[in-house]
Each structure stands twice: as structure tokens, then as C-alpha cells.
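Welcome, and thank you for taking a look at this protein.

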Amino acid sequence: MEIKQITDGLKKQNITRLILESLPEWFGIPDAREEYIAESGNKIFFCAFDNDKPLGFLYLKETGKDTVELYAMGVLKEFHRRGIGRQLFNRAKEEASKQGYSFMQVKTVQMGRYAEYDRTNKFYLSLGFQEFEVFPTLWDEWNPCQIYIMSLR
């Protein structure tokens, strides 16, 4: 398995579509999924490959001059819990630091709402993110938004 930074916009979108469409538990809202796919084309983007097969991806979105967001991430379900997400994150964190960002944030559904997202929350906490704030209606009342942050310094 190899982590590569991808610069071709169409390739980023194709990888994002392939992975997200295979993860309906997390990316089942079509409009939101299409937004993630469209946005991926011009972002800092990493992909985990097994030979030429994409196994997972992660991309970053600048949210301020000092802050970058882990905006979208997905790993094929059959490859979960094999360290791929952590390797993608480590590579992205390294690049964000190299580019001069001071902080990284990530948004997800608040812990305690859905089992799938509880696993996601625990993963982010295991990476070193810390709870910042919950926005109960940022997305909608059924999906309260938990924001985690991390210093890159």
C-alpha cells in the first residue's frame, strides 16, 4: 500500500466518487456526496493505493489563513481498521504543517447519535483531535455538528 498526493482534478473527483459511493452509511445523502466530489478537484488530496487500486482518500480545505479542515475522508469498508486512514491523516498533517497551517479541524456528527459516527469520533480522537464545540443545528437537528481541533505546531 502506498500513499500518493494527487494533483489532477478529474482523477481526484473520480477517486472521491468511487470511495464515497461505496460508503452509504456515512455518505448516503446524494446532494452532500456530490458536493464532496465536486469540491475534491481543487483541494490538497491524498490517496492510498494498492498497486493502482484506490483504497481510500483524504482531502483538506483551507478555512482560514492559519486553519485547514480535514474536509472529506473515506476508506473502502473492506479495508477499515488496517491503518489506512491513519496513514492518510499523517501524510495530510505533514503537508498541512509544511504549508504553514497552525491548526487543523474536522467536523462530524456528535458522539452518541449513530454507531457509525461514534466510530468516526473515536478515530478522530485517537489521532489527537480535541473536542472544540458542538453546533446543534449547523447541518440539521438530527445531525448535530461536532467540531474537533488540533494544533499543528
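Helices α4 and α5 are oblique to each other. In this predicted model, α4 and α5 (residues 115-127) pack at an angle of about 50°, and their axes lie 11 Å apart.

Which residues bring α4 and α5 into contact? From α4 come Gly85, Arg86 and Phe89, and from α5 come Phe123, Ser126 and Leu127. Sorted by type, the residues of this contact are three nonpolar, two polar and one charged.

## A second pair of helices

Two packed helices are described by the angle between their axes and the distance between the axes. For helix α1 (residues 9-21) and helix α3 (residues 30-40), the angle is about 155° and the axes are 8 Å apart. Angles over 145 degrees count as roughly antiparallel, so α1 is roughly antiparallel to α3. The crossing of α1 past α3 is right-handed.

On the α1 side, the contact is made by Lys12, Gln13, Thr16, Arg17, Leu20 and Glu21. On the α3 side, Arg33, Glu34, Tyr36, Ile37, Ala38 and Ser40 take part. The residues of this contact divide into five charged, four nonpolar and three polar.

## The sheet

How are the strands arranged? Seven of them form an open sheet in the order β1-β2-β3-β4-β5-β7-β6, and the pairing is mixed. At the edges are β1 (2-6) and β6, each of which pairs on one side only. From one strand to the next, the twist averages 25°.

β3 and β4 are antiparallel and share eight bridges, with Gly56 standing opposite Val75 of β4. Strand β6 (residues 130-140) and strand β7 (residues 143-151) also run antiparallel, joined by six bridges. In that pair, Phe135 stands opposite Cys145 of β7. A hairpin links β6 to β7 through two residues.

## Helices on the sheet

Where does α1 touch the sheet? α1 packs on the sheet with contacts to β1, β2, β3 and β4, and its direction makes about 110° with that of β3. Helix α3 lies across β2, β3 and β4 and runs at about 80° to β3.

Four residues of α3 are buried: Arg33, Ile37, Glu39 and Ser40. The buried residues of α3 pack against α1, α2 (24-27), β2 (44-50), β3 (53-64) and β4 (67-75).

Leaving aside residues up to four places away in sequence, Glu39 touches Tyr59, Lys61 and Tyr71.

Leu18 belongs to helix α1. With 45% relative accessibility, Leu18 counts as partly exposed, because this class lies between the 20% and 50% cut-offs. Leu18 and Glu141 are 123 residues apart along the chain, and 29 Å separates their C-alpha atoms.

## Two loop residues with positive phi

Asn51 is found in the loop between β2 and β3. Asn51 is not a glycine, yet it has a positive phi of about 60°. Its relative accessible area is 68%, and exposed means over 50%, so Asn51 is exposed.

Arg81 sits in the loop between β4 and α4 (84-98). Its phi is also positive, near 65°, in a residue other than glycine. Arg81 counts as exposed because its relative accessibility is 86%.

Notes:
Residues are numbered from 1 along each chain as its sequence is written. This is a predicted model: local features need pLDDT of at least 70, side-chain atom pairs count only at pLDDT 80 or more; totals for chains, interfaces and linings use all residues. Side-chain values use heavy atoms; hydrogens and water are left out. Axes are lines fitted to C-alpha atoms, for helices over the stretch in contact, and angles run from 0 to 180 degrees between N-to-C directions. Angles under 35 degrees count as roughly parallel, over 145 as roughly antiparallel, 65 to 115 as roughly perpendicular and the rest as oblique. A crossing is left-handed if the near helix is turned anticlockwise from the far one by less than a right angle, and right-handed if clockwise. Contact means heavy atoms within 4.5 Å. Ala, Val, Leu, Ile, Met, Phe, Trp, Tyr, Cys and Pro count as nonpolar, Asp, Glu, Lys and Arg as charged, and the others, Gly among them, as polar. Buried means under 20% relative accessible area, exposed over 50%, partly exposed in between (1.4 Å probe, protein chains only). Two strands pair if DSSP finds at least two bridges between them.
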